[in-house]
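Please look over the sequence and the structure shown here, and then follow the explanation below, which takes one chain and its two neighbours in turn.

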Amino acid sequence: MRNYIIKRLLLLIPIIFIVAVIAFFITNLMPGDPVRVILGNMATETEVARVKESLGLDQPLIMRFFRWLANIIKGDFGESLYLNAPVAKVLIERMRPTFLIAILAEILGISVGILLGILAAVNHRKILDQFSITVSLLGISIPSFWLALMLMFVFSVRLGWFPVSGYEPFIEVGFSSFRYLILPAITLAFMQAGLIARMTRSAMLDTLKQDYIRTAKSKGLSTKIIVFKHALKNSMLPVITVIGHNFAVLLGGTWIVETIFVIPGTGFMAINAIMRRDIPVIQASIIFVAVIYVILNLFVDLSYAFLNPKIRYH
Amino acid sequence: MLFLKKYKRYKHPYITTSIIILIIIAFLSLFAPLLTDYNPVRNDARNRLQPPSYQHFLGTDQFGRDVFTRILYGIRTSMEVGLAVVLLTVIFGGIVGVMAGYYSQIDKIVMRILDALMAFPGIIIAISLAAIWGAGKLNIILALSFAYFPKMARIVRSAVISIKDLDYVDSARSVGAKDSRIIFKYILKNSASPIMVQATFNFALAILDEAALSFLGVGIMPPAPSLGAMVTDARTYMVVAPWMILAPGIMIILAVLSLNLLGDGLRDLLDPHLKNTLKK
Amino acid sequence: MRRKIKITAVVLMTLVFSLLLSGNVLAQEEDHYGGTLNAALQMSVAHLDSDNSTDSLITAMMNHVYEGLFEFDENLNLTPHLAESYQIGEDGLVYDVKLRENVTMHNGQTMNADDVIASFKRWLELNNGGQLVSPYFDRVEKIDQYNIRFKFKEPYAPFLNILASPVSNQKFVVRAEEVVNEFGSDVIDRHVGTGPYKYEEWVPDQKLVLTRFEDYSPSPREGSFFAGERIPYLDKIVFNFIPDAQVRVSGVQTGQFHFAEEVPRDQYSLFEANPNIDNVIIYPDRMSMLIFNNANPPFDNKYARQAIAYALDFEELGYAMIGNPKFWRLEPALHEEGNPWHVPDAGKGIYGVYDPEKAKELLDRAGYDGSPIVILSGQDNAMERQGAIAIQDQLEKIGVEVELQLFDRPTVVERRAKKEGWHIHLSPFIKIVPDPQIHQGWTGTNKWISNWDSEESREMDQIFAEMLKEVDQEKRYKIVERMEAKLWDAVPYFNILDYSRLHIKRAELKNFKGSWQPFFWNTYLE
């Protein structure tokens, strides 16, 4: 087990390296010059040249790559061209709302998704099953940007239950901070619930067919006990995989939702950075998402070991 | 074909429903020019933001263009992008997957690269690539294919690995069949099911992601109609012209929903063991 | 002296009135103080150093922190502000400026000639307003603590107008000498000015917070727009950067914001019906410029450029680009009606004449070969995006093939800086231009992005050179007439129409004046 973890951790190195290489060259190949954005619409060529030099952007690409790589290993992602601060610091600051939304969405998605999945499996081929299938299909079929706008229109613009957008940190305003996060979280939770419900349903259906469940039934145990005590536990393995894999996708999904609700998280920062070529921030955002993804996958694989002792690692 | 035979036997309700919807959508997009008197890109700005009426079923947008017409052509764009992405994904994913699965010498390297590529959520790769190449149908297709192909490659690879050491493949090899013949005759034929299922889901995903990219302004170049871009436009007019935002959204949902339904149906039908494979 | 009498009179009258109204008028006057204003702006800024950018938003916000030697009032009259008075030497080569004494800066020191000279040298070197001036400028001299002399090599008529220019970032503002020395040409992020508000906090992409400067030394002149007395009633001003229009609107509807910039014009009547919200329409505000790439065929030929003007239905463009006709009007001249430099019959015979047949004829005459015309525009600005789409539609209707290229800002800015690859570009220009000379910055041989380099462009250079030296207003106006005539004959670029953005404010924000750049002194919350 320990060897397995070490091996997996070592495997992260080449992956992150490839990600870093792609991130660096993608961002530097983008058309559009950050310096011109900084200087505004009417800038002259001499101004552009002057600022370029002061930012070190006049040096050859390959030199900049190695310097950048060396700095990253030291944990220094450079200085944002717009945010007036080191990228690493900004990234950590911006992670808070993003994680809050993602966790909120995940909790919502898991509870609704598992519930729907169980209901569907227990009532296999009945109306509740059809209902659950429809809802979960809708969950994975509605574009999140559209859903976000609809929720915003109905609950914020028309009913005024939530602020239309923006964000105030928990430290400053306490629990009313969550008022800003509810709609974005619901938007993302919808898709999560859909994915999780589908997975729970099929895993449960498989489990319910197993011999030991039949045995339990024949022993006269109530359906509730069978479902929650025996079947659920044994159906969790694939469900956890979905949750793990999708938490990373979820963190990517916040890009669009954060932009719509104007929440200053990592996604909003990344989209803004792309739109104005804040290169160090784009690079850090890509690496950030990739690292989260591989680490989460590692956790998923490790959790297999705990939940299913049959799996052995070499 | 295997699929048709099976379908004839089981008459799976998901597949029936989704195929009916998809045929309607295909009909709408193929015969769009016959179904409407309007041109999707011609302006009539003096009649902008008209509510739905007899002349304009779904009203007009900020340029006075007929929203119904733009939706017909918009879903056409979505279908084109979806089909092209699926095709490219299958081709590239197939090639890389077969290579990695069949030739174990390169498997490790290819897998590491695929791992790295999959570490980016697809939409982020697509946004970055679209920002590099600029908006446009071709660029979106390439960006999305690039984002999806690693997953496809992995699926093909595992299918290949599970098949390549089976007895009948071994025996083919022992009688001196060439690699290319083995790959085409035995392996690809038998890994068709997972590829088909994944391709269907990719189709749905491509429609969603094209809409999302166009929504962000890095997708289809205006004025060409795209459902996602229509939602972006409608955003500004949400309060005064809600018809502009409802219609394209519902159209996207309909198309994606029926494709996902089809994917589920195919999976049930073709390979019950695949149930636990992830959509993404 | 006269002013003192006036003030005494006002005070007396106020006293009488206050007695009549049982003495609470004065108390109410006091009540105006206090409160935090939340304004929602569309774009955020890269930094707050106006000399190091051409972004007009920097100036708009930092107008509360920094002040100019001269400022414009409501009627576009140039008014001394940090300057007390000025004198122009007879030959037009020397400007003597006397500064106001006892103006306290945010660092507690008193503003003097050294601060002004240090800021001016930086402005001259970095700011593109300064770069307009510098070829003709000789040197600046300190006469004493409060007197400065600006010397020119050649007469330079628009000097003071450019110092106070409301165009993009051009205005010259006074910063503390120590800050200028500390930062040199780097981006300044410590802000020490003389304005009624001081810099408190800037959270990039989120907000800029300004607080009242308690030791503010207001100008003794009557307050009018940027000139004269600025009273900081508000304790705090928070500029929030909110890119989504609907979010800005809802913020004002719910009272979260007191002011929102650039909201959807189509919601005008909704706001009108809401007693808590006031519409703010500003004329003159912006003009939508169609810029040709004069370097390449077909638009290296003036007939092809004229053809485009004939080919376009400007009214239809108004609906497509801007929408509600309350917010736009056709205007061929670079200066709006009411501006002393307005030329009423500019573009006669070509502007607003929709004649597709003539357009085709002119295109033939220019030898246009039918290859596609590339329109390059930004995605992020609604006027540019919608204008480009509408122009494409109109040109295609007369059989011209058009390729539309809509990109995000960085790509557009980079592409249009190139000589090849584009033909037409749309850009919003600020309409308020106090001096015609300012147009020299983008009009003439190879100015800005137009790549205009021909016999005609050199004639235009000549016109601007004459304008520069002419100090007599009437003669100078004649030159402006020639400039407009040349512009509409050669058409290196042209104005499609003037338009206004729509801003909204809460009703409780009182005494707000809608100007070309929003400002919040002299306004108060009820």
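**Chain B and its two interfaces**

In this predicted model, the contact between chain B and chain C takes 23 residues from chain B and 26 residues from chain C. The area buried between these two chains is about 2200 Å², and carbon and sulfur atoms give 53% of that area. Between chain B and chain C there are seven salt bridges, including the one that B:Arg42 forms with C:Glu396, where the closest N and O atoms lie 2.6 Å apart. Polar contacts are also found across this interface, with 13 residue pairs for which both partners have a pLDDT of 80 or more. Sorted by class, the side of chain B that touches chain C has 12 nonpolar, five polar and six charged residues.

The other interface to examine is the one with chain A, in which 44 residues from chain B meet 47 residues from chain A. Interface size is often expressed as the accessible area lost when the parts come together. For chain B and chain A that buried area is about 4200 Å², with carbon and sulfur atoms giving 80% of it. Across this interface one salt bridge is found, and it joins the side chains of A:Arg198 and B:Asp264, with an N to O distance of 2.7 Å. Three residue pairs, both members at pLDDT 80 or more, are in polar contact between chain B and chain A. On the side of chain B that touches chain A, at least two residues each are supplied by helix H5 (104-118), helix H6 (122-133), helix H10 (192-215), helix H11 (227-236) and helix H12 (243-270) of chain B. H12(B) gives the most to this side, with 12 residues. The residues on the side of chain B that touches chain A divide into 31 nonpolar, five polar and eight charged.

With both interfaces described, we can turn to chain B itself. Its secondary structure comes to 12 helices and zero strands, and the C-alpha atoms of chain B fill a box of roughly 75 × 45 × 30 Å along the principal axes. Of the 280 residues of chain B, 61% count as buried, while the chain exposes about 11400 Å², of which carbon and sulfur atoms supply 67%. Among the contacts in chain B with a separation of 6 or more, 73% are accounted for by residues 24 or more positions apart.

Conventions. Residues are numbered from 1 along each chain as its sequence is written. Chains are lettered from A and ligands numbered from 1 in the order in which they are written. This is a predicted model: local features need pLDDT of at least 70, side-chain atom pairs count only at pLDDT 80 or more; totals for chains, interfaces and linings use all residues. Side-chain values use heavy atoms; hydrogens and water are left out. Contact means heavy atoms within 4.5 Å. Buried area is the accessible area (1.4 Å probe) that two parts lose on being put together, summed over both. A salt bridge is a side-chain nitrogen of Lys or Arg within 4 Å of a carboxyl oxygen of Asp or Glu. A polar contact is a pair of N or O atoms within 3.5 Å; within protein, one must be able to donate a hydrogen and the other to accept it, and residues adjacent in sequence count only if both atoms are side-chain atoms. Helices (H or I, at least four residues) and strands (E, at least two) are DSSP runs, numbered from the N terminus. Ala, Val, Leu, Ile, Met, Phe, Trp, Tyr, Cys and Pro count as nonpolar, Asp, Glu, Lys and Arg as charged, and the others, Gly among them, as polar. Buried means under 20% relative accessible area, exposed over 50%, partly exposed in between (1.4 Å probe, protein chains only). Accessible areas come from the Shrake-Rupley method with a 1.4 Å probe; for residues, only the protein chains shown count as cover.
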